[in-house]
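Here is a short briefing for anyone meeting this structure for the first time. Take a look at the model, then read on for its helix packing and a surface patch.

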Amino acid sequence: MMSPNPPKNSPLRPLPALIFASRWLQLPLYLGLIAAQGVYVWHFLVELAHLVEAAFGSQTALQALVTSIGYKPEVQVTTLNETVIMLVVLALIDVVMISNLLIMVIVGGYETFVSRLGLENHPDQPEWLGHVNASVLKVKLGLSIIGISSIHLLKTFINAANYDVKVLMWQTIIHGVFLLSALAIAYTDKLLGASDNAH
């Protein structure tokens, strides 16, 4: 028969306690990522404001957009056309996807490697956080990076006239490497999962 009051864990010895407490050294890293998230939010709002201003005819805002999306300096764009809008929107989506990646690293990394957040039964608890571990986080990060790389590649191809052929080639090769790396990570995790189930 089990005791109604299970014995409490004995306190850690000084050295194991110090080693275990060292996980809190990661806290400034996650706080730094939160600051980086704030920078991305500001960048998103600035680009969005330029897009809205350009839609109402502001040439200054239009030139800021044209410069930010990588047009060559000699290319003159006098009106907000569909290509510029598409490139700006893709850039905004890119910022959102990187921001999602940051949230995944901040929340998932803190929960996995530092301390529990205590979000059980919280209405806003992310669905993926309930079954996150280092392996799941690694696969999710890999997929997010592929998504970000895809957006970058699409932006480059839409605006291909303003890029060197070498840039196009290397971006395509790097995207292919990301895809292969993600497949390798997923396959490795599948093998490890099958091995764990066998035991």
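Helix α4 and helix α5 (residues 134-158) pack with their axes 10 Å apart, at an angle of about 170 degrees. This is a predicted model, in which local features need pLDDT of at least 70, side-chain atom pairs count only at pLDDT 80 or more, and totals for chains, interfaces and linings use all residues. Residues are numbered from 1 along each chain as its sequence is written, and side-chain values use heavy atoms, with hydrogens and water left out.

**α4 with α5**
- The two helices, α4 and α5, are therefore roughly antiparallel to each other (angles over 145 degrees count as such).
- α4 passes α5 in a left-handed crossing (the near helix is turned anticlockwise from the far one by less than a right angle).
- Sorted by class, the contact of α4 with α5 has 19 nonpolar, seven polar and three charged residues.

**α2 with α4**
- Helix α2 (residues 27-55) packs with helix α4 (residues 82-113) at an angle of about 165 degrees, and their axes are 10 Å apart.
- α2 and α4 are therefore roughly antiparallel to each other.
- The crossing in which α2 passes α4 is left-handed.
- In the contact of α2 with α4 there are 20 nonpolar, four polar and one charged residues.

**A nonpolar surface patch**
- I145, M169, W170, I173, I174, V177 and F178 make a nonpolar surface patch of about 620 Å² (patch residues have over 30% relative accessible area and no salt bridge, with nonpolar side chains joined within 5 Å; areas use a 1.4 Å probe; a salt bridge is a side-chain nitrogen of Lys or Arg within 4 Å of a carboxyl oxygen of Asp or Glu).
- Helix α6 (residues 165-198) gives the largest share of the nonpolar patch, six residues.
- I173 has its place in helix α6 (helices are DSSP runs of H or I, at least four residues, numbered from the N terminus).

Key: Axes fitted to C-alpha atoms, helices over the stretch in contact; angles between N-to-C directions. Parallel < 35°, antiparallel > 145°, perpendicular 65-115°, else oblique. Nonpolar A, V, L, I, M, F, W, Y, C, P; charged D, E, K, R; others polar. Patch = residues over 30% accessible without salt bridge, like charges linked within 9 Å, V, L, I, M, F, W, Y side chains within 5 Å.
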